[in-house]
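Q: I have a two-chain model open and I'd like to learn how to read it feature by feature. Could you walk me through it?

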Amino acid sequence: MIRPVIGFAGMTHLGINSAAAAAARGFETVCFDTDAGIITKLKSGKLSIVEPGLPELLERSKQRFAFTTEVIDLKHCDVVYISADVPTDDQGQSDLSGIRALIDTITAGLGRDAILVILCQVPPGFTRTLALPKERLYYQVETLIFGRAVERAMHPERFIVGCAALERPLPPAYGAFLSTFGCPILPMRYESAELAKISINCCLVASVTVANTLAELCERIGADWSEIAPALKLDKRIGPHAYLGPGLGLAGGNLERDLATVCRLADAYGTDAGVVRAWMTNSSHRRDWALRTLHGEVLAANPKAVIGVLGLAYKENTHSTKNSPSLALIAQLKPWRLRVHDPVVPASAVAHPDATGCASALEAAQGADALVIMTPWPAFRDLKADQLARSMAGRAVIDPYHVLDGKAVVAAGLDYFTLGVPPLRAAGSTCASPQ
Amino acid sequence: MLNHLNEKPVNPTRVVLLGARGFIGRTLVSVLQRAGIAALPVSSADLNLATDGAADRLAAMLQHHDAVVMLAALTPDKGRGLQPFLTNIHMAASLCGALGKVTPAQVVYLSSDSVYPIATSLVSEASCAEPDDLYGMMHLAREMMVKSATKAPVAVLRSTLVYGAEDTHNSYGPNRLCRMAHKDGKITLFGEGEETRDHILVDDVAALTMLVLRHCSIGTLNLATGRSISYAELAKKVAVLLDKPIDIIGTSRQTPITHRHFDVTAIHKAFPTFNFTPLDKGLAKAHAEMLRRG
């Protein structure tokens, strides 16, 4: 069989990484987007997204790429993925109008036997509503992780494929493409696949919420969550890859969207989603941990404190600031002078009346009364505690993601605050604002 | 959560305080006077809101530029049963009747954390208000009545236990423990004093209310410090204020241990530069004032 030609409509973070993986696996890949600016940039090798390994992957496979704004160029594709973003509002509600319009556009230009695969995050029931012959229409769960997108696209754990008729084998072109990746392929009905995506995220949120809830307790009762989590991972029922790192609540937009979808469906169909709402409440509560710590430990005693903030992106290795805990914190610090640094996100992303953008993490710490490490960029691990102690005016280091070695920070004469363990105080230090 | 109509603080033209002779009312009147803000203190002696015709008499006092602060209530020491409930609702109905005739610039309703069930140990403004008794139900009902009765911006402030030298209610808290220590030379606790509660100095309640008035805030805010303490610990802090040894005595427990903590992130967001009086300092201040008054 001649290798199928794979098309991707929507040069989003998802689309670019998926296309890169297809081309790297030896497939002619057509990349379509209605935005001429995006296509022009991609043709000249410029990326507006940050993903480790992506530029190299694209460069290695560049002879197999065709970038286009013409729908007609998708006509010779055997499989076309819809990889557009589905925007959400502040409540996590998806706006499906754009993706429907794109699907209509693409469908009109598809080859007669081409397979259309919906790769976007859509609510259960969406795929079945599309007006394309169902034997040519599939839904495939995407498992993009910002910061690990190349790894996830090149080496998927499995493919979850939503189909109209389970008794039919996958079309040869589609099956041949997926088989190249050497992982299990799990066909199921459309709604199951659509809900599988949401279910994966719910399981992850459940795990993280357990970590957050118990880590908060650790902070009060003198336990250390970092001692507990490895023990849990050795339990086969929990597993070595369980998401048990405490964090500052949900961010990025995708998890929040899926929780909102579950609540909406539960309300409509009369099922219980109380636990999902509890996860969302816990996320909101945990998101403000850094703000509460700053107020309790620094600002109550030092109303004119200068605050250094490291990290603006919502997580490391990404340019995205959607639902960023860092920006949410900064929005609550308007009365104070800030010194900010992020390796990728410019200081112009910060809406604050008195925020100085700094070229390095150490420069952001210069003269700061408190340093808050809000995004766990790997580069921040290179900070030396004694350098920080010499640079800072105050001595509070608030490091929710445990980027630094707390003991080293305390040995350098600083107080250290992180998730999952009570505050570590330098010798001679006392609680900033006593009862 | 609170939203502010005035991003920068602006003094209200006049503040009408209903329940001005009460513990919090007196403090707020003093603060307003020190700030040079015109105030019309109204007590039950001036206008009994629980009487017929009170709505019309109150409406005649109100002007459109007024900020109205509703503090008037029969407090729990007057009973938590049906009669005080009905009297309190009558008072609110009178206020609502007046608000129906005159729309002021702002209404601030001083409510209580009793709207939250005691089973909710960590309370925020997002917590479900499901009162355990008629007193809490009264406040929740009055919140709703006021919000429904007026087009003016309404701020609901749900306060935790308030303490200060002038508190006469003798509820189980710093004031009572202090008086006990002075009078009896000992402090008697329920159980071993395991329950934790948040105590806020009346000065801080007044200061936060002033911020709400100046910012013309809308929404709901819990007034609490975010730091709860057990009664056993509180007793120890009170005991050190006296210059004589004070025994702290436990009793056999009659009711289950309950706890109440507050997530005060909403205060940090609404008024980022506001700092609470630390409990040690507040207790010392209240104690010193108590001694001065004899």
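This is a predicted model: local features need pLDDT of at least 70, side-chain atom pairs count only at pLDDT 80 or more; totals for chains, interfaces and linings use all residues.

Q: How many residues of chain A are in contact with chain B?

A: In general, the size of an interface is often given as the accessible area lost when the parts come together. Here we go by residue contacts instead: 14 residues of chain A are in contact with 13 residues of chain B. On the chain A side, helix 10 (274-287) and helix 11 (289-299) each supply at least two residues. Helix 11 of chain A gives the most, with 3 residues. By class, the side of chain A that touches chain B has 5 nonpolar, 6 polar and 3 charged residues.

Q: Since helix 11 of chain A came up, how many of its residues are buried?

A: As a general idea, an α-helix has 3.6 residues a turn, so residues three or four places apart point the same way. In this model, helix 11 of chain A is mostly covered, with 9 of its 11 residues buried. Among them are Trp289(A), Leu291(A), His295(A) and Glu297(A).

Q: What do those buried residues of helix 11 of chain A pack against?

A: Within chain A, they pack against helix 10, helix 12, strand 12 (370-373), strand 13 (396-398) and strand 14 (415-417). From chain B, helix 8 (265-270) joins the list.

Q: Helix 8 of chain B interests me. Is Lys269(B) buried, exposed or partly exposed?

A: Lys269(B), which lies in helix 8 of chain B, is partly exposed, because 15 other C-beta atoms lie within 10 Å. Now look along the chain: Lys269(B) and Met1(B) are 268 residues apart in sequence, with their C-alpha atoms separated by 8.5 Å.

Q: On to the inside. Which residues have the most contacts in the largest nonpolar core?

A: The general idea is that in soluble globular proteins, nonpolar side chains tend to be buried together. The largest nonpolar core here has 73 residues, and those with the most contacts inside it are Leu17(B), Leu18(B), Val69(B), Met70(B), Leu95(B) and Val108(B). Helix 6 (residues 202-215) of chain B provides the largest share of this core, 6 residues. Apart from it lies another core, of 70 residues, including Trp279(A) and Tyr416(A).

Q: What does Met70(B) touch?

A: Not counting residues up to four places away in sequence, Met70(B) touches Leu18(B), Leu95(B), Val107(B), Tyr109(B), Leu110(B) and Val146(B).

Q: Some of those sit in strand 5 of chain B. Why is this strand called largely enclosed?

A: Strand 5 (residues 106-112) of chain B is largely enclosed by the rest of the structure because 7 of its 7 residues are buried. When you read a strand, check both faces. In strand 5 of chain B, Gln106(B), Val108(B), Leu110(B) and Ser112(B) are buried on one side, and Val107(B), Tyr109(B) and Ser111(B) are buried on the other.

Q: Which strands pair with strand 5 of chain B?

A: Strand 4 (residues 66-70) of chain B runs parallel to it, joined by 4 bridges, and Ala67(B) stands opposite Gln106(B). Strand 7 (residues 154-159) of chain B also pairs with strand 5 of chain B in the parallel sense, over 6 bridges. There, Val107(B) stands opposite Val154(B).

Q: Where in chain A can I find a right-handed β-α-β unit?

A: Look at strand 9, helix 12 (residues 325-331) and strand 10 of chain A. Strand 9 (residues 306-310) and strand 10 of chain A run parallel, with 5 bridges. Strand 10 (residues 337-341) of chain A has 4 of its 5 residues buried. Strand 10 of chain A also pairs with strand 11 (residues 355-357) of chain A, in the parallel sense over 3 bridges.

Q: Last one: is Lys304(A) buried or exposed?

A: Lys304(A) is in the loop between helix 11 and strand 9 of chain A. It counts as exposed because it has 10 C-beta neighbours inside 10 Å. For contrast, Ala153(A) is buried, with 27 other C-beta atoms within 10 Å.

Key
Residues are numbered from 1 along each chain as its sequence is written. Chains are lettered from A and ligands numbered from 1 in the order in which they are written. Two residues are in contact if their C-beta atoms, placed from the backbone, lie within 7 Å. Ala, Val, Leu, Ile, Met, Phe, Trp, Tyr, Cys and Pro count as nonpolar, Asp, Glu, Lys and Arg as charged, and the others, Gly among them, as polar. A nonpolar core is a set of buried Ala, Val, Leu, Ile, Met, Phe, Trp, Tyr and Cys residues joined through C-beta atoms within 7 Å. A residue is buried if 20 or more other C-beta atoms lie within 10 Å of its own, exposed if 12 or fewer, and partly exposed in between; C-beta atoms are placed from the backbone. Two strands pair if DSSP finds at least two bridges between them. A crossover is right-handed if, with the strands pointing away from the viewer, the path from the first strand over the helix to the second runs clockwise.
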